[in-house]
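Biologist: Could you take me through this model step by step, saying what each term stands for as we reach it?

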Amino acid sequence: MLYRVIDGSELPLLVEAFLERYEVIAPVQTKKGYAFAPVDSFDQVALDYPSTVSSLKKYYLPQRETLFRFDAETNEVLDLEVEVRPRVLFGAHACDINAINCLNSVFEDARYPDPYYEAHRRSMLVVGISCTPTSECFCQLMDADEARSGYDLFLQDIGGRYLVSMNSVEAANILETACNPRVATDEDRRAFRQATRRRQESFNPAIPDIQEIPMLMDAFHSDAFWDELGERCLSCTACSAVCPTCHCFDIRDVLDPDGRIGERERVWDACTSPQFATVTGGHNFRPTGRERVRHRMYHKLNGFLATHDRNLCVGCGRCVRACKANISPIEVLRFFEKKGAEDAE
Amino acid sequence: MPNSARVVVTPLREGGPAATGSELVRANPYRPWPARITSITELTAHEKLFEFRLVDDRIREAFHHEPGQFVELSIFGVGEAPISISSSPTKSGFIELCVRRAGEFTTRLHELQCGDTVGIRGPYGRPFPIDEMRGHDVLLVAGGLGIAPLRSLINNIHDERSEFGKVTIIYGSRTPKDVMFRDQFEMWRHRKDFDLYLTVDEPDDSWDGEVGLVTKPFEHLEIVPDHTYGAVCGPPVMYKFVVQEMRNKGISYDHIYMSFERHMKCGMGKCGHCQIGHQYCCIDGPVFNYWEAKNIQGSM
């Protein structure tokens, strides 16, 4: 990895350079909190945002996306050409970059690479930025507090200046043209390490660090804890809507008013939705909230690990804030902590 | 220059750009290919067997399946549904799907006529390990519509009969009227190279087969456990009982294969609808062995 240092005052130049050729998506402050949205000047960017309500996944997997158009009378697939606009995601936190890495491993699976997802990803530059944890953040417990791949540039605030990790030629060229990056000194490196320590020390200590989550998920699969969570779940699916890694979708046909031409589209769906696991004939493999909440948590904290060697939860804390019933991975960690204490008695 | 990217879906045209069937399929895996209904057979009051022929020569030639795999069938404007392939890979050029009328999609499919066109993409999924099964005895147990995927395996074994040892088929239905492929199985009852047990829960006066659950014929089955593969498909409730019978007979965990039913919407391990525990029924299954199934939370 190549590291350079730029001054804080150079950041607007970088964003302006991106704006010349790309649509720039960045954190902005709204009435309802912070959100990723297109910006047209650096002034709109909220650099030190704590977190956003929803994640960046919509830029890779839009909430609604046309797969193709068809003629329902002749049963033919019609021409479709979708051009994806080049974009820069500016100001992504490490957890969100790690979340995109999770999505990549699903949608760029060599067996069935997804052409729509790939088009979005190929047209995207990702510029990460360091952050200070909120009280709901637990990315460090999910090994997602550092982005080691999946970005073009990563900006670490080291006090009035940024240590920039450069991961792609395209972004490095823009950085070198727009700013005056210099080689990192020993002092910069020390400042970087201090910043990392400060971040590590500012996580909420009330969120328990459980080392054996996958084993505990299996061991307590039948525990009454899941009944309690399931009964509380409102099936509103807010958790998966805000989650940066939830990627379930439905595929459906939508006809134009003429009833002849239509679109096959995919739309976000959620495993906490009551009919999600229903098959033709009506059998529902996860008929109650208990099975659905457990399935979601299991996939986040155990299942994905088994198949992709990392947790599907990145500890971003969005679902913690979104859930009206206070169901979140933190609850699961607290349950395991309690179980551990009981076992020790 | 900034990266830009595009997704293109183009219709099949005569004299279009030269591409092989598999290249066309790879270009956009969500795109179904036109298939014409070439035959419809009423199996029961609720089930029909449809025979399809992929219209484009390149796509038809690229289509190779194994027993236990499924396709995604499209009726444009209605939607798409995963349906297991009932025909044997030993017969190529057409695809047979056995479909029960149960929801909106399947009701619309049942209304279609010979000559009508649908869309097909696939095949998908992990098949039964037929090459592993060669040289061994095979015990196949189907309940109800579970015969649909198993028929592909059964007919494959039939067409290459000398490559397999003793073949036992247990097929359970609710009533005699629900028995699918009855003509085929009636003929096979007199064959010496298939041990066939047709069983129903509720017999009528015409029924001279077995009566009771699919587990009942196990009472008088003689099995060489080290030399036998099991293959199971049926309603969700059936698996644990049949698998237990197979275990009681001494068949190893990893020689008992079962095909699970889930709603595979994308077929490519992405949409999440067919997840069982940490596995995707569409790419890790739908065929799993019992050892794998035991290690998937919520599989049975």
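Biologist: Which residue of chain A meets the side chain of Glu80(B) in a salt bridge?

Modeller: A salt bridge here is a side-chain nitrogen of Lys or Arg within 4 Å of a carboxyl oxygen of Asp or Glu, and the general idea is that side chains of opposite charge can pair when their charged atoms come close. The rule finds two salt bridges across the interface of chain A and chain B. For the side chain of Glu80(B), with 3.3 Å from N to O, the partner is Arg264(A).

Biologist: Before we go on, what kind of model is this, and how are its parts labelled?

Modeller: Residues are numbered from 1 along each chain as its sequence is written, while chains are lettered from A and ligands numbered from 1 in the order in which they are written. Side-chain values use heavy atoms, leaving out hydrogens and water, and local features need pLDDT of at least 70, side-chain atom pairs count only at pLDDT 80 or more, and totals for chains, interfaces and linings use all residues, since the model is predicted.

Biologist: How much area is buried between chain A and chain B?

Modeller: Contact means heavy atoms within 4.5 Å, and 57 residues of chain A are in contact with 53 residues of chain B. Buried area is the accessible area (1.4 Å probe) that two parts lose on being put together, summed over both. Asn75(A), Val77(A) and Tyr112(A) supply 14% of what chain A buries against chain B, more than any other three residues. Carbon and sulfur atoms give 56% of the area buried between the two chains, which is about 4,800 Å².

Biologist: Which element gives the largest share of the side of chain A that touches chain B?

Modeller: There are 20 residue pairs in polar contact between chain A and chain B, both residues being at pLDDT 80 or more; a polar contact is a pair of N or O atoms within 3.5 Å, where within protein one must be able to donate a hydrogen and the other to accept it, and residues adjacent in sequence count only if both atoms are side-chain atoms. Helices (H or I, at least four residues) and strands (E, at least two) are DSSP runs, numbered from the N terminus. Among the elements that each supply at least two residues to this side of chain A are β4 (64–71), α2 (94–107) and α9 (289–308). The largest share, six residues, comes from α9(A).

Biologist: Why does the pair of Arg69(A) and Glu263(A) tie together parts that are apart in sequence, and how many residues apart are they?

Modeller: The side chains of Arg69(A) and Glu263(A) meet in a salt bridge of 2.9 Å, N to O. Arg69(A) lies in strand β4 of chain A and Glu263(A) in strand β13 of chain A, so the pair ties together parts whose separation in sequence is 194 residues.

Biologist: In the open sheet of chain A, which residue of β3(A) stands opposite Val28(A)?

Modeller: Eight strands form this open sheet, in the order β3-β2-β7-β8-β9-β10-β1-β11, with mixed pairing; two strands pair if DSSP finds at least two bridges between them. Strands β3 (33–39) and β11 (182–183) of chain A are the edge strands, each pairing on one side only. Seven bridges join β2 (residues 23–30) of chain A to β3(A), and the two run antiparallel.

Biologist: Turning to chain B, which residue forms a salt bridge with Glu96(B)?

Modeller: Chain B is divided into domain 1 (21–124) and domain 2 (130–259), and about 1,400 Å² is buried between these domains, 56% of it on carbon and sulfur atoms. The rule finds two salt bridges across their interface. With the closest N and O atoms 2.8 Å apart, the salt-bridge partner of Glu96(B) is Arg151(B).

Methods: Domain bounds come from an automatic or database domain assignment.
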